[in-house]
Amino acid sequence: MPSRRTVLAAGAGVTAALAVGGTAHADDRRPRALLSRMSLEEKVGQLFVLRVHGHSATTPDQADIDANVKELGVRTAAELIARYRPGGIVYFAWAHNTRDPHQIADLSNGIQQASLQQPRGLPVLIATDQEHGIVCRIGGPATLFPGAMALGAGGSGRDAHTLGLIAGRELRAMGVRQDYSPVADVNVNPANPVIGVRSFGADPEAVAALVAEEVRGYQAAGVAATAKHFPGHGDTAVDSHTGFPVITHSREVWEALDAVPFRAAIAAGIDSIMTGHLLVPALDASGDPATLSRPILTGILREHLGYDGVVVTDALGMAGVRAKYGDDRVPVLALAAGVDQLLDPPDLAVAWNAVLGAVRDGELGEERLDTSVLRILRLKEKLGLLDEPYVDPVAVDRVVGRPEHLAEADRIAERTTTLLVDEGPLLPLSPRAHPRLLVLGSDPASPSGTTGPPTGVLAAALTALGFTATALSTGTDPSPETIARAVTAAGAADAVVVTTYNVTAASPQRTLVDRLAATGRPVVAVAVRNPYDVAHLPSARACLATYSWSDPELRAAARVIAGTVRPRGRLPVPVQRADDPVRVLYPVGHGLRY
C-alpha cells in the first residue's frame, strides 16, 4: 500500500492542476481539474461499476482466477483495474468478496492501491447491496439489522436513522463508500416476487419518512445512500431479474404513490439513485425500460424532481433491461437517457467498447461523458475518497460488530415483531405451562450466509428463556413423510412453533400447520418472510410476522413468544383474505398487544 506521504503527494499534484479546468462554482474546482487531465478511455472507465471474483485484489483463489478469466478476461481485480480503469467496484458474497471484515478491508485497500498506481490514478468507489433483512452481502460479525418492512412495522424514523448510521460506519470501516440502499419502492402488490419485504410498506408517506431517515443516517456516516428502484418497482408481479415488468399506474397515481419516497430521498440530500428495469407506459410510451428512458431519467428525475446527483443502473445483466436491445446498445442508451454509473454489464468488453465507440462515432458527445464523470468525481470528493482512499485495518475491530451495535440491532428488532393472531389468548407462553417446545418449519438459506438456520436460532433463543426447545427442519415444501414425522414429534411437546415462508393456498406448509393443529397441541406460526402467510394459516392459534429470518428478528420473536418483550409492530402492508383477495383480512396498522 502506498504510504500516507505518497497519497498526500498525489493530492498536492491534484491541487497544482486546479488551473487546468474551468469552474462552475468553487466546490467543482478539484473534480474539474481531475476531469481535465483524463483521457477518453479513462472517462469511459469511470462510468463503470464492475464485479470481480476473489477475496484479494492480487492473490485470489484459483477458482476465482478461473472465473475472472472466463467472465472478464483478466485474472485479478488489480488486472481488471489496469485494463478498464473502472470508477467503481461492487462486492458480492457469491464472488467471495465478503468473507469477513478484515478481509473486506484488505480487499478494499488492495483495490485502491491498484487504481492509484495507474497513471493519473483515482480512488475507486466501492459499493455493495447491504439492505439488511433479506438482502445482505456482508454477514456477521458485522452488525445485521432488521430489513425495511420490519422497520416499517416498527414505524420509527429514529430506528431507521440509527440503522443507517451504524451500518454506514461499519461499511466505511471496511472500505465500502456506497450502499445500494434504501429501497424506496412502495409495495402495494402482495404478489411482488422481488421487492416485497425489501420495501418499508404500502403507505407512500410512511415509506417516504423512513427512506429519508435511513438516507440521513448512512450519509452522516460518510457513505453514499442509494434510493431504488426509480421510478418505482412496488406494483409488479414480475421479477426484473428474469422478466420485463410493466407498471400500469397512471401519471397521477405515480405522482401520488411511487414518486413520494423518491421526492423525500432527494429532499434528504440523497447521493445516488438506482434505476429500475421496468416499463411505465404512462411516463414513457416508447416501450423502453426506465433505465434507458430519457423522458423518465432526464425529463422526470432530473428536470421534474430536480435531482442532480449520481444515477446508477441496476445490474445490466438482468433480463428487464436486455429484453429490447443488445448488450452493446444498452450502456450507450442508458448514458443517453441520463445515467451516470453502469453497473455490472454481462459482457464488460462489449459494453466498454460500445461506449467508447459511441463517443468516437459521435452518437454520444464527450461532453455527455464529462457531465457524468464530474458527478462521480464530486461524489468521491464528498465521501473523502480523494484525500483518504484507504481504511485502517486496525480500526476494523473498533467499529465493525461492536457489542453496542449488536445490542441496538436487537432493540430495534424487538420493536418490529408483529402479533397478527392470538386466539385465547395463547401468548405469551410460559416455561411453567408449556415447558417442552417443538420448533419446526422452513429453514431458508441465510441472506448473508452467516446466520440461522431459523428453527435452530429460535429453539436456542427459547431454550435460553427457560423452555426446553427442540428444532426440526421440515423445509419450504415438506413431503407427506416429513409432515408425518413432524406430527409424531409434536406428540412429545407441550406447544409447537412453526416457521413459515411464502405460504400459498396449495402449499404443503399449510398442510403441515393444519396437521399439527389437529393434534390438539397449540400452534404458534412465525411468518419469517411475507406477513401474507397468515391468511393461509387459519388453524394456527397464534401468528407472528418477523419480515425476515436473520438472527435479530428471530431472537426478538422468541422474546415475544416468551413474553419477556411485548409485541409492538404493526402491519405496514394490508393482508388480503385467501378466499377473496379483494377483501382485506388485516389492514395496515393491525397489530395485537399484551
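Buried means under 20% relative accessible area, exposed over 50%, and partly exposed in between (1.4 Å probe, protein chains only). The model is predicted: local features need pLDDT of at least 70, side-chain atom pairs count only at pLDDT 80 or more, and totals for chains, interfaces and linings use all residues. Residues are numbered from 1 along each chain as its sequence is written, and side-chain values use heavy atoms, leaving out hydrogens and water.

**View 1. Glu41 and Arg360 form a salt bridge (a side-chain nitrogen of Lys or Arg within 4 Å of a carboxyl oxygen of Asp or Glu).** Their closest N and O atoms are 2.7 Å apart. Arg360 is exposed, at 56% relative accessibility. Glu41 is partly exposed, at 30%.

**View 2. Lys228 and Asp129 meet in a salt bridge.** The N to O distance is 2.9 Å. Both residues are buried. Asp129, Glu131, Arg137, Arg198 and Lys228 are linked in a network of salt bridges.

**View 3. Helix 8 (residues 157-173) packs with helix 18 (residues 403-414).** Helices are DSSP runs (H or I, at least four residues), numbered from the N terminus. The angle is about 150 degrees, and the axes are 11 Å apart. Axes are lines fitted to C-alpha atoms over the stretch in contact, and angles run from 0 to 180 degrees between N-to-C directions.

**View 4. Asp159 forms a salt bridge with Arg415.** The closest N and O atoms are 2.9 Å apart. Asp159 is buried, at 5% relative accessibility. Arg415 is partly exposed, at 23%.

Methods:
Helix = DSSP H or I, 4+ residues; strand = E, 2+ residues; numbered from the N terminus.
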